[in-house]
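Me: I have a model open and want to learn how to read it. Can you take me through some features, one by one?

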Amino acid sequence: MIIVPKSHSPAILASCARIARRQIRFYSVLHDSTIPESKRKYVPSSGTYPKGFRVSGTHVGVKASNTKFPDLALISSEIPCSAAAVFTTNKFQAAPVQVSRAILDKRQGQGIRSVVINSGCANAVTGKGGLEDAWSMGAKVDDCDGLDEPSTLVMSTGVIGQRLPINKIIGMIPTAHSQLASSHNAWLTAARAICTTDTFPKLLSRTFTLPSVPGRTYSLAGMTKGAGMIHPNMATLLGVLCTDAPIDPSAMKPLLTHAVSRSFNSISVDGDTSTNDTIAFLANGAAGGTPIASSSSADYAAMQEILTSFAQSLSQLVVRDGEGATKFVTVRVQNSPCYESARRIASTIARSPLVKTALYGRDANWGRILCAVGYTEGVTPGTVVPERTSVSFRPVDGSPILKLLVNGEPEAVDETRASAILQSEDLEIVVDLGGGEKGESGRGGEEAVYWFCDFSHEYVTINGDYRT
């Protein structure tokens with residue numbers, strides 16, 4: 001609560017009221033009416049989903065305060081899938097991360113049938129009991145499918161350090177299994193069930209073709225969750241991508257790794273990396289065709305491009321729902337001698353609190369951007385040369401770029417125009433390490449892109465009382 005003395009002016013009271021309104025946020029997606037008006041455009045009203053996959057979202061009540069909303073998602077294929085996953089690099093890896101990795105390793109990326117996900121409790125740092133709970137969740141789904149070997153990946157999200165109400169979850173898994181369906185509503189409900197501080201469910205679907213069978217249509221669908229504790233590798237997010245295209249198990253991991261490095265590992269909300277992060281990719285081949293195997297094939301190249309583009313679109317929804325965020329920012333670092341150096345610089349800018357707060361305050365303080373470029377660690381020597389570095393704002397409305405620094409020399413910035421650009425929800429920051437248009441300096445044309453959001457008062461409010 002914000003308390004203001006009566007003696008304060010109406011202007012101050014109005015300002016405090018605006019701050020208070022900004023700090024209202026729902027801590028899970030409850031129903032349509034709670035999705036902020038500005039976010040509803042990101043929730044699909046229909047979709048085209050991969051053949052052979054069915055999903056459900058079921059209420060368990062993992063958190064006692066949740067009395068009716070779905071918090072258990074089940075994604076299941078009618079036939080065995082090729083599968084791969086990318087996991088958090090946090091040393092305190094949650095029980096479901098350990099269990100899912102063990103299952104994928106034992107099955108060598110094949111024969112996976114389902115993914116079961118609960119929200120409300122992360123089952124992280126919960127000892128041997130937590131591992132037993134994670135194994136039990138997967139085993140119960142396998143029982144429902146009549147399977148003897150572990151074939152279900154497990155994910156959890158929520159508060160760290162608390163045990164799952166495992167009996168409640170196990171008791172509701174048969175219900176979740178019985179409710180499996182292939183409709184858009186079922187996919188949307190499943191996407192809702194994995195949300196925590198998200199303000200909207202994050203779900204996408206897409207159709208595509210492959211060069212070898214141009215007349216055959218395949219589908220790709222994905223859901224993800226995440227709004228805070230977001231930064232590679234990987235970010236406090238979960239995600240499941242499913243396709244009915246045929247992909248050999250040997251090709252799954254390299255395809256997913258490439259896609260994730262340029263999507264879920266190229267976003268940042270607050271610079272924190274969680275204990276549970278998992279992105280899984282399942283392919284059941286239900287739409288037919290010859291399995292994609294060789295990395296030199298045209299189908300592999302097409303699938304890599306399709307999967308990467310799709311993962312980028314899905315991961316960007318996480319940034320758009322960043323806790324307390326008011327801006328969606330693209331940072332493009334170009335004209336770098338190597339991709340990895342450009343990526344490190346983009347990542348440093350994206351997690352700089354000073355850059356993020358300046359953007360929230362609509363302050364064109366390009367010095368903070370330049371500072372982040374200069375202190376980035378691990379870049380190839382000679383990558384950052386002050387006399388060749390330029391910084392600009394690129395408006396999303398197509399109007400001319402606003403140059404802030406050119407070849408190390410500051411521009412006379414039109415502050416009025418800069419402020420107008422920063423009023424927009426979307427913004428692009430361009431850092432050119434070659435001092436001019438891409439390729440002009442001859443220093444190399446590698447480019448890396450990162451997506452991040454600003455820091456607001458609301459971010460502190462949300463995370464100050466997240467557990468209590």
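This is a predicted model: local features need pLDDT of at least 70, side-chain atom pairs count only at pLDDT 80 or more; totals for chains, interfaces and linings use all residues.

Me: Which residues of α5 are buried?

Reply: H184, A186, W187, L188, A190, A191, R192 and A193.

Me: And what do the buried residues of α5 pack against?

Reply: Strands. The partners are β1 (53-58), β2 (72-87), β3 (110-121), β5, β6 (213-225) and β7 (238-243).

Me: Is T196 buried or exposed?

Reply: Use the cut-off again: under 20% is buried. T196 has a relative accessible area of 11%, so T196 is buried.

Me: At which positions does UniProt place the feature "binding site"?

Reply: The unreviewed UniProt entry puts that feature at T196, K225, T236, E323, N463 and T468. Treat it as a record, since such annotations may be inferred rather than shown by experiment.

Me: Now helix pairs. At what angle do α2 and α3 cross?

Reply: Read the angle and the axis distance together. Helix α2 (residues 95-107) and helix α3 (residues 127-144) cross at roughly 55 degrees, and their axes come within 8 Å. That angle makes α2 oblique to α3. The crossing of α2 past α3 is right-handed.

Me: Which residues of α2 and α3 meet?

Reply: From α2 come A95, P96, Q98, V99, A102 and I103; from α3 come G130, L131, A134 and W135. Sort that contact by class and you get 8 nonpolar, 2 polar and no charged residues.

Me: Next pair. How far apart are the axes of α8 and α10?

Reply: They are 9 Å apart. Helix α8 (residues 339-350) packs on helix α10 (residues 366-375) at an angle of about 135 degrees. Why call α8 oblique to α10? Over 145 degrees would count as roughly antiparallel, and 65 to 115 as roughly perpendicular. The angle of about 135 degrees therefore leaves α8 oblique to α10. Here α8 passes α10 in a right-handed crossing.

Me: Which residues make the contact of α8 with α10?

Reply: I345, T348 and I349 belong to α8, while I369, A372, V373 and Y375 belong to α10. The classes are 6 nonpolar, 1 polar and no charged residues.

Me: Now the loops. Where does R351 lie, and how accessible is R351?

Reply: R351 is in the loop between α8 and α9 (353-360). Its relative accessible area is 38%, so R351 is partly exposed. Then check its distances. R351 and I267 are 84 residues apart along the chain, with their C-alpha atoms separated by 9.4 Å.

Me: Is E377 buried or exposed?

Reply: Over 50% counts as exposed. E377 has 66%, so E377 is exposed. Its place is the loop between α10 and β11 (390-394). E377 and R344 are 33 residues apart in sequence, and their C-alpha atoms are 7.5 Å apart.

Me: Finally, the whole chain. How many helices and strands are there?

Reply: The secondary structure comes to 12 helices and 15 strands. Of the 468 residues, 54% are buried. For contacts with a separation of 6 or more, 80% join residues 24 or more positions apart.

Definitions and conventions
Residues are numbered from 1 along each chain as its sequence is written. Side-chain values use heavy atoms; hydrogens and water are left out. Axes are lines fitted to C-alpha atoms, for helices over the stretch in contact, and angles run from 0 to 180 degrees between N-to-C directions. Helices (H or I, at least four residues) and strands (E, at least two) are DSSP runs, numbered from the N terminus. Angles under 35 degrees count as roughly parallel, over 145 as roughly antiparallel, 65 to 115 as roughly perpendicular and the rest as oblique. A crossing is left-handed if the near helix is turned anticlockwise from the far one by less than a right angle, and right-handed if clockwise. Contact means heavy atoms within 4.5 Å. Ala, Val, Leu, Ile, Met, Phe, Trp, Tyr, Cys and Pro count as nonpolar, Asp, Glu, Lys and Arg as charged, and the others, Gly among them, as polar. Buried means under 20% relative accessible area, exposed over 50%, partly exposed in between (1.4 Å probe, protein chains only).
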